[in-house]
Amino acid sequence: MGIVAGLDSSSAFTHIVVCDTDTGAVLRQGYAAHPIEAKATEVDPQAWLLSLGEAASGGLLEGVQAIGVSAQQHGLVPLDHQGNLVRPALLGNDRRAQAAAAGLIDSLGGRQAWAEAVGSVPQASQPVAKLRWLARQEPENAQRVAAVLQPHDWLVWQLLGRPHRRITDRGAASGTGYWSAGSASYRPDLVELALGHSAALPEVLGPAESAGMTPEGLLISAGTGETMAAAFGLGVAVGDAVVSLGASGSVMAVHHEALADPTGMITSFADATGMHLPVVHTSNAVRALRGTAEMLDVDGPEELSALALKSTPGASGLVLLPYLEGERTPRLPHTAGTLSGLRRESMKPEHLARAAFEGMLCSLADALDVLRGRGVEVRRVFLLGAAAELPAVQALAPAVFGTQVVVPQPAQYAAIGAARQAAWALGVSQGVCDPRTPPAWQGAAAQVLEPGEESANGQAVRQQYGATRDQIHPGAFDGVHPE
């Protein structure tokens, strides 16, 4: 039996789990908040190291043989020729680069050109857009940029003692906007297009490769981005999709190839195992529940859930298109939400509550269908986020998604995924693991929900929602949904 650690440096905290290499059982854990403002859009990366040190205090890493690192995605850490910070790191939640992203789209010839080049269309969050923003808004700083890292890359580099060689992995690289998951290669010309000159980029390691050894003799695995680490920690495989319920939503699935999508609805990430993670985002998920709860003057999504279950499938004809902040899927950035089907008998609080849940889930089912329409197999759906625990979500989701739904127990899945990767790299280095096959750890403890007799109701709800969507936004999904 060996012991490995997984470190997840998210936007607000550091979590560390110490796991058994054979089973994945979590033996001990550490936690520390980042000493920065919760909604900061830029930060001195030293804050991540301070948090890491606090989380690892008290002998947490005693006996650990290898460490994997997961970190927040889309951050930009710009370095000069000496490896020093040019300016504070720009974080993924920084939206100042929206105009820069739009400019980049035009500079390369449109959305399809970007999708074909790197599997994604520039967004404000991505490093490629932040580089363009830097060149436009801080040209003196931009001129000093000689190398570009993301948070995961920078943390691994620090743990290894800041060696000359800098590394990343294909999962983290696939979110940059200048590395293609399809060709497994950088597009340095896109860095130059954004920044105005070339910059050194980290070497991309394979999933089971080691980044090196720390000065203390600990093996460091390749690491990866937070999304990829969470998928690896959950143990998702081909046939699995993961639906995340936050204020906005996302749907991702394991697939055998990268998907170039000229509409830009699909972002083609690589995963932490050598496979691919196509992702579709929605701008609205739980925010539709919170907005409806405020409208009905009830106490949050929990009370709204109880109210919704007093209604019936189809919400007495009410349909809520939950496009409250515009929408990414379908691409309707300037639209608003719509409440349709108002009749005297449907104007009751429980029907509006039900329509909010049905609308949120149907919107996410639309996102699932974008993937299905491109040949992605979906046999079961993992449902993540606090809203996954709501009774109305659990009652409706299997029928609306038309498949088995798995609700994992809350756990630090990104940190567990990072630890699993560390165990893999350690096993390969010792000659006891196949570099093509990760260690078979215990799956996540979970509730499993089946559509059962509600399948027909779920189909009817989807048809009612789809008819309303197509009437109000004709052509929004042309050529996207499977037959």
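## Aromatic pairs and a nonpolar patch

L339 is partly exposed, with a relative accessible area of 34%. The model is predicted. L339 belongs to a nonpolar surface patch. Elsewhere, a search of the whole structure turns up four aromatic pairs. Two of them are described below, W48 with W154 and F232 with W424.

**Surface patch**

- L339, L342 and M347 make a nonpolar surface patch of about 290 Å².
- L339 sits in strand β21, which covers residues 338-340.
- Patch members need over 30% relative accessible area, and L339 has 34%.

**Pair W48 and W154**

- The ring centres of W48 and W154 are 5.8 Å apart.
- Their planes meet at 80 degrees, so the pair is edge-to-face; the cut-off for that class is over 60 degrees.
- W48 lies in helix α1 (residues 46-55) and W154 in helix α6 (residues 151-159).
- The pair therefore ties together parts 106 residues apart in sequence.
- Both W48 and W154 are buried.

**Pair F232 and W424**

- F232 and W424 form a tilted aromatic pair.
- Their centres are 6.1 Å apart, with 40 degrees between the planes.
- F232 is in helix α9 (residues 226-234), and W424 is in helix α14 (residues 413-429).
- This pair links distant parts of the chain, 192 residues apart.
- F232 is buried, with a relative accessible area of 5%.
- W424 is also buried, at 0% relative accessible area.

**Charge over a ring**

- R166 lies over the face of W157.
- The distance from R166 to the ring centre of W157 is 4.5 Å.

Technical notes: Residues numbered from 1 in each chain as written. Predicted model: local features only at pLDDT ≥ 70, side-chain atom pairs only at ≥ 80, totals over all residues. Heavy atoms only, no water. Patch = residues over 30% accessible without salt bridge, like charges linked within 9 Å, V, L, I, M, F, W, Y side chains within 5 Å. Areas by Shrake-Rupley, 256 points an atom, 1.4 Å probe, with all protein chains shown as cover. Salt bridge = Lys/Arg side-chain N within 4 Å of Asp/Glu carboxyl O. Helix = DSSP H or I, 4+ residues; strand = E, 2+ residues; numbered from the N terminus. Buried < 20%, exposed > 50% of the residue type's maximum accessible area, 1.4 Å probe, protein only. Phe/Tyr/Trp six-rings, centres within 6.5 Å; stacked < 30°, edge-to-face > 60°. Lys NZ or Arg CZ within 6 Å of the ring centre and 35° of its normal.
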